[in-house]
Amino acid sequence: MERIEHRACAGGWQDVYRHESTVLGCTMNFAIYLPPQAAEKDARLPVLYWLSGLTCTEQNFITKAGAQRYAAEHGVIVVAPDASPRGDTVADADGYDLGKGAGFYLNATQPPWAQHYRMHDYVVQELPALIEASFPASDARGISGHSMGGHGALVLALRNPGRYRSVSAFSPIVAPTQVPWGEKALGAYLGADRASWKDWDACELIASAKEKLPLLVDQGDADEFLATQLQPQRLQAAAQAAGHPLTLRMQPGYDHSYYFIASFIGEHIAHHAQALRD
């Protein structure tokens, strides 16, 4: 593991590391914000994992969201991995919504994707093991994300009961089996059997969730992808049917950009910090 960026921020340090991922079979970057409390003797701080959206790397969140000052206020480490495997040997496709930058936080089963596209196992298992062994991090974990990463946060929390203490999302793809972004990605990564896609769809998973972890979702009502790709009403209906706690906040005037995330990231970090302290 090699530190490739190290910058003072909000009393702590915003770092980026590069390491060899066994799960993904490639070199990966992840960003980690260490708040000032991390420097205290015997510190073991909770960790919030942030999953970014289509086309993103670890850089989008750490440079645009303004999360560091809130993480410093609450004493939370924030880890932001890249959004997909990377490297010359990693399969790719034309367009922004499949291949590199579009890992969809699942475990691919179809060639040529299956060799590297195992972002679920990377985020859920390999990366936390590395973080908890190498930094003053406890095993109290929260997870959040935006768009494709919001899909990832919801699905990873629902698939792994007991793994996370809190979950939230901005503008998530809540029903990838029903919208163009998801249909393209799931069809490529998982194959033509649509029944297998349901294992990666938050609206499908919520019906049989063994743990009713409260969901916090913020969605802008001026989001250009609201009607075609996001459709939060599907998640609301699924949560109501399953009796699953959901706070869905439709935010007037906000779009899909990081201006939206920066406006509410402080509230999300406070939400996670409270759960991670309990």
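**Stop one: the sheet**

Select strand 4 (residues 45-51) and strand 5: they run parallel and are joined by three bridges. Strands here are DSSP runs of E, at least two residues long, and helices are runs of H or I, at least four, numbered from the N terminus. Click L48 and you'll find its bridge partner in strand 5, V78.

Before moving on, know that this is a predicted model, where local features need pLDDT of at least 70, side-chain atom pairs count only at pLDDT 80 or more, and totals for chains, interfaces and linings use all residues. Residues are numbered from 1 along each chain as its sequence is written, and side-chain values use heavy atoms, with hydrogens and water left out.

Now show the whole open sheet: nine strands in the order 1-2-3-5-4-6-7-8-9, with mixed pairing (two strands pair if DSSP finds at least two bridges between them). Strand 1 (2-9) and strand 9 (246-251) are at the edges with a single partner strand each, so one side of each has no neighbour in the sheet.

**Stop two: helix 5**

Which residues of helix 5 (residues 180-190) are buried? Pick W181, G182, A185, L186, A188, Y189 and L190; buried means under 20% relative accessible area, exposed over 50%, partly exposed in between (1.4 Å probe, protein chains only). These buried residues pack against helix 6 (194-197) and helix 8 (226-230), contact meaning heavy atoms within 4.5 Å.

**Last stop: D94**

Look for D94 in the loop between strand 5 (77-81) and helix 3 (119-134). D94 counts as exposed because its relative accessibility is 73%.
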